[in-house]
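Keep the 3D view open as you read.

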Amino acid sequence: MEAHTLHRRLLAMLAGLAVAAGVVAATFALLPAQAAHDDALDFGYVYSGAKSSSVDFVRANLAQDRLLVLGSSEFSTPASIVPQVPSQTFGTHNYGLQLMLVGEAFDQCLWHTMALGALADGGLPRNKVALIVGLGQYTDGGLDASTFSSRFSYTLYRGFCANPSIPQDLRDRVRHRLEEQGVDQTTLRGADPKLALDAVDGLVLGAMDDLKLRNDLGEVRKRGMAWPDEATHDPDWDELRAQALADAKRMSTTNEWGVEDAFYTKQLAPALGSLSGARAAETYTNTPEYDDLDLFLSVCDACGVEPLIIVEPVLGPYYDYIGIDGSTREAAYQRIRDVVARHSSAQLADFSNKEYEKYYLFDIVHFGWTGWIDAEQALYEFAKEGA
């Protein structure tokens, strides 16, 4: 009786697994492959974690005139607030350069290292990449593990591990940092298998991530932009700055700091009373982020990719108010400069001296009207250099 019951249970389990496998297979058949896209649309400016984690989708949209730009939440700034964002400056004008923006809020240098390693396997357009960094990434304690886990991408890490240009010492450094950020050993071994069981785990993890990305990319495909069709010409940076200044004055009328009205009145002003001196203990020294920046640049070196590091400033008057003084901030900016200086192929576009320039940021940490124009001019000149 017991053997008969066990046999029935085994048959039921096998039947269940067969049904589950069938459902998964049917789902795969219904969902387009990650690389699927509409050539008539430009997806380079879509802000999406799914897009940024899909190596196949990004590669499929990396035409030869593209510049890969890695960043974080600054890519989420809406054009309705700052009409100078890249989707408007480059995405609606044909200047002979289009950008591929990759990254989302909380993506920092460790994440960008994985993304670069995965995307650079086989080369990048122009053999160049730009990375935007800001002081918010260098706060004491570093990025907490729970936040990192929400943005960790198995697909990116697997692609990083598959890149033969990356030497073992850099692979080991990335793996060690992922361990510190709480990524489990099954995931790490699956992405870079040494044993048969690791390879099996990798197949399962890869299939699960592939299924999720295929599903999520459906929304991305609805958000592509029409390609600009006007004649190619160089940007008139003076004209663009003049328009940016006019837009800024229209959008910032309630405060002396030059930030956007709604941000100031709804978020900043109500909180100011409790923020005076609130972050005076911040030092920007107790963080692994400087080493992660060095790791990113080392992977650039290994892959033969020329990097541009863009340093985004913070709002000086606000940071003075909350107790993080100018000398503390300058020391952090200098550490970033020092890391970049150790890599001869790296270029630096350092806008840290714009902390007190009105309208440069639209909030306390993100490029605003004139700030985006400066960043975009740096990107344009970097991309065109040597072309």
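A search of the whole structure turns up 16 aromatic pairs. Rings of Phe, Tyr and Trp (its six-membered ring) are paired here if their centres lie within 6.5 Å; planes under 30 degrees apart count as stacked, over 60 as edge-to-face and the rest as tilted. One of these pairs is Phe90 with Tyr380, which is stacked, at 6.4 Å centre to centre and 15 degrees between the planes. It links distant parts of the chain: Phe90 sits in the loop between helix 4 (86–89) and strand 3 (98–102), while Tyr380 belongs to helix 17 (residues 369–384), 290 residues apart. Helices (H or I, at least four residues) and strands (E, at least two) are DSSP runs, numbered from the N terminus.

Before going further, a word on the source: this is a predicted model, in which local features need pLDDT of at least 70 and side-chain atom pairs count only at pLDDT 80 or more, while totals for chains, interfaces and linings use all residues. Residues are numbered from 1 along each chain as its sequence is written, and side-chain values use heavy atoms, with hydrogens and water left out.

Trp237 is buried, with a relative accessible area of 11%. Ring pairs join Phe90, Tyr95, Trp237 and Tyr380 into a cluster.

A charge sits over a ring if NZ of Lys or CZ of Arg is within 6 Å of the ring centre and within 35 degrees of the ring normal. Lys128 lies over the face of Phe382, at 4.8 Å from the ring centre. Likewise, the charged end of Arg335 sits over the ring of Tyr290, 3.9 Å from its centre.

Now for the pockets. On a 1 Å grid over the protein atoms alone, a pocket is an open set of points where a 1.4 Å probe fits, with protein on both sides within 12 Å along at least five of seven lines; lining residues have an atom within 4 Å of a point. Grid points are joined across faces, edges and corners, and a volume is the space filled by probe spheres set on the points. The largest pocket has a volume of about 490 Å³. Its lining has 26 residues, of which Gln108, Leu135, Gly136, Gln137 and Val365 lie nearest its centre. By class, that lining has 11 nonpolar, 10 polar and five charged residues. For this count, Ala, Val, Leu, Ile, Met, Phe, Trp, Tyr, Cys and Pro are nonpolar, Asp, Glu, Lys and Arg are charged, and the others, Gly among them, are polar.

The second largest pocket has a volume of about 260 Å³. Of the 16 residues that line it, Gln88, Thr89, His93, Tyr95 and Leu240 are the closest to its centre. Tyr95 is also a member of the aromatic cluster. Helix 11 gives the most to this lining, with three residues. The second pocket's lining divides into five nonpolar, seven polar and four charged residues.

What about the cysteines? With a disulfide taken as a pair of cysteine sulfur atoms within 2.5 Å, the count comes to zero disulfides. For Cys109, the nearest cysteine sulfur is that of Cys300, 10 Å away. Cys109 counts as buried, at 0% relative accessibility. For Cys303, the nearest cysteine sulfur is also that of Cys300, 7.5 Å away, and Cys303 is buried at 16% relative accessibility.

Phe106 has a positive phi of about 75 degrees although it is not a glycine, and Phe106 is found in the loop between strand 3 and helix 5 (109–119). Tyr359, also not a glycine, has a positive phi of about 75 degrees; Tyr359 is placed in the loop between strand 7 (347–350) and helix 17.

Notes
Buried means under 20% relative accessible area, exposed over 50%, partly exposed in between (1.4 Å probe, protein chains only).
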